[in-house]
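Dear colleague,

Please find below the structure that I am handing over to you.

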Amino acid sequence: MNELYPEIEPFNDFLLDVGQQHQLYVEQCGNVNGQAVIFIHGGPGAGCSVNDRRFFDPEKYHIILFDQRGCGRSNPYGSLADNTTAQLVADIEQIRKHLHLEQCHIFGGSWGSTLALVYAQTHPEQVRSLVLRGIFLGRPQDTDWTFAGGGGSRIFADYWQEYLEALPLTALEQHNHVKVAYDIMTGKDQNAAEKVAQAWAKWEMRCCTLEPNDEFFRAATSDDSCWTLARHEAHYMVNKCFLTDNQILNNCDKIASIPTVIVHGRYDIVCPFDNAWLLHQQLPNAQLVISKSAGHASAEPETRHHLVNATNDMLQLLR
């Protein structure tokens, strides 16, 4: 199986002022003269990690990573103000222009796949290819599956119960788990907010891998990671991801000619496989690769293999 490329360090990093008091952390790795690829992390609110650089051949790719508004190393940390899907799409375009890139490959997983698709549908002429993992279409039924007592809670009923124990009884009575959690995490009681953020992140991360992965779980549920992951995700969910109904599927005609690889775990509990299947129906020219022994996480061996294979294949594109 293909493994990740060796660890590398950025050759440049900076803070990019994108307005509304937001500054984005941006880093560049690999070969500045190589094919440009922008990596879009998940969450929302997860931020980039050192392993995210390693899906790409550093001798052939100019690898650009950034932390989205309010998370990771971007400023102001934890800010949900002026934080919408349209603004994140505008941020990606601002990064492209700032680096004087005519076109670029786009790589996004989970929420990163959502943002990659919306960016490509908004700026199709600037996108050379798409590599998408763990598709999340951002529809209400997609958020309900994981965080509103949908199907995920039936599969991991014990983990779901632990999450519910962090919420007040009103959430259980009203069946409005996301809104109650969001109100707590954005409220004045910091202790309660941190407790719910921890519970939220632990619930999601436990569902991410087909087989338990303690290293992955610990890295994804540190105090800082939990805080931005949970609050950002709840912020986007209560606002329907700032998307119109079926927005992504309805606009696939705009990206039909862009070479695309979709990688999705057969046993993905966070973003069920039908997200990828429905997207593929609208993008029949895309390649759908099913990780038959994986869940949601990019760290799982088969998914990692398919993603590295996809980025290597995209190097052959000439447009």
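A search of the whole structure, which is a predicted model, finds 14 aromatic pairs. One of them joins Phe-147 and Tyr-163 in an edge-to-face arrangement, with 6.3 Å between the centres and 80° between the planes. Phe-147 belongs to helix H3 (residues 140-147) and Tyr-163 to helix H5 (residues 157-164), so this pair ties together parts that are 16 residues apart in sequence. Phe-147 counts as buried, at 1% relative accessibility, and Tyr-163 is likewise buried at 1%.

A further edge-to-face pair is formed by Trp-160 and Trp-203, at 5.0 Å centre to centre and 65° between the planes. Here Trp-160 lies in helix H5 and Trp-203 in helix H8 (residues 190-206), so the pair links parts 43 residues apart in sequence. Both tryptophans, Trp-160 and Trp-203, are buried.

Two other aromatic features deserve mention. Phe-39, Phe-55, Phe-56, Tyr-61 and Phe-107 make up one aromatic cluster. Arg-266 is placed over the face of Phe-273, 5.0 Å from the ring centre.

Turning to the cysteines, the structure holds zero disulfides. For Cys-104, the closest cysteine sulfur is that of Cys-48, 14 Å away, which is too far for a bond; Cys-104 is buried, at 1% relative accessibility. The sulfur of Cys-271 has its closest cysteine sulfur in Cys-208, at 8.3 Å, again too far for a bond. Cys-271 is buried too, with a relative accessible area of 3%.

The largest holds about 140 Å³ of space and is lined by 14 residues, with Gly-43, Phe-136, Glu-204, Glu-233 and Met-237 lying nearest its centre. H3 and helix H10 (223-238) each supply at least two residues of this lining, and H3 gives the largest share, three residues. By class, the lining of the largest cavity comprises eight nonpolar, three polar and three charged residues.

The second largest cavity has a volume of about 40 Å³.

With kind regards

Methods. Residues numbered from 1 in each chain as written. Predicted model: local features only at pLDDT ≥ 70, side-chain atom pairs only at ≥ 80, totals over all residues. Heavy atoms only, no water. Phe/Tyr/Trp six-rings, centres within 6.5 Å; stacked < 30°, edge-to-face > 60°. Helix = DSSP H or I, 4+ residues; strand = E, 2+ residues; numbered from the N terminus. Buried < 20%, exposed > 50% of the residue type's maximum accessible area, 1.4 Å probe, protein only. Lys NZ or Arg CZ within 6 Å of the ring centre and 35° of its normal. Disulfide = S-S within 2.5 Å. 1 Å grid on protein atoms, 1.4 Å probe; cavity = no way out; pocket = protein on both sides within 12 Å on 5 of 7 lines; lining within 4 Å. Points joined across faces, edges and corners; volume = space filled by probe spheres on them. Nonpolar A, V, L, I, M, F, W, Y, C, P; charged D, E, K, R; others polar.
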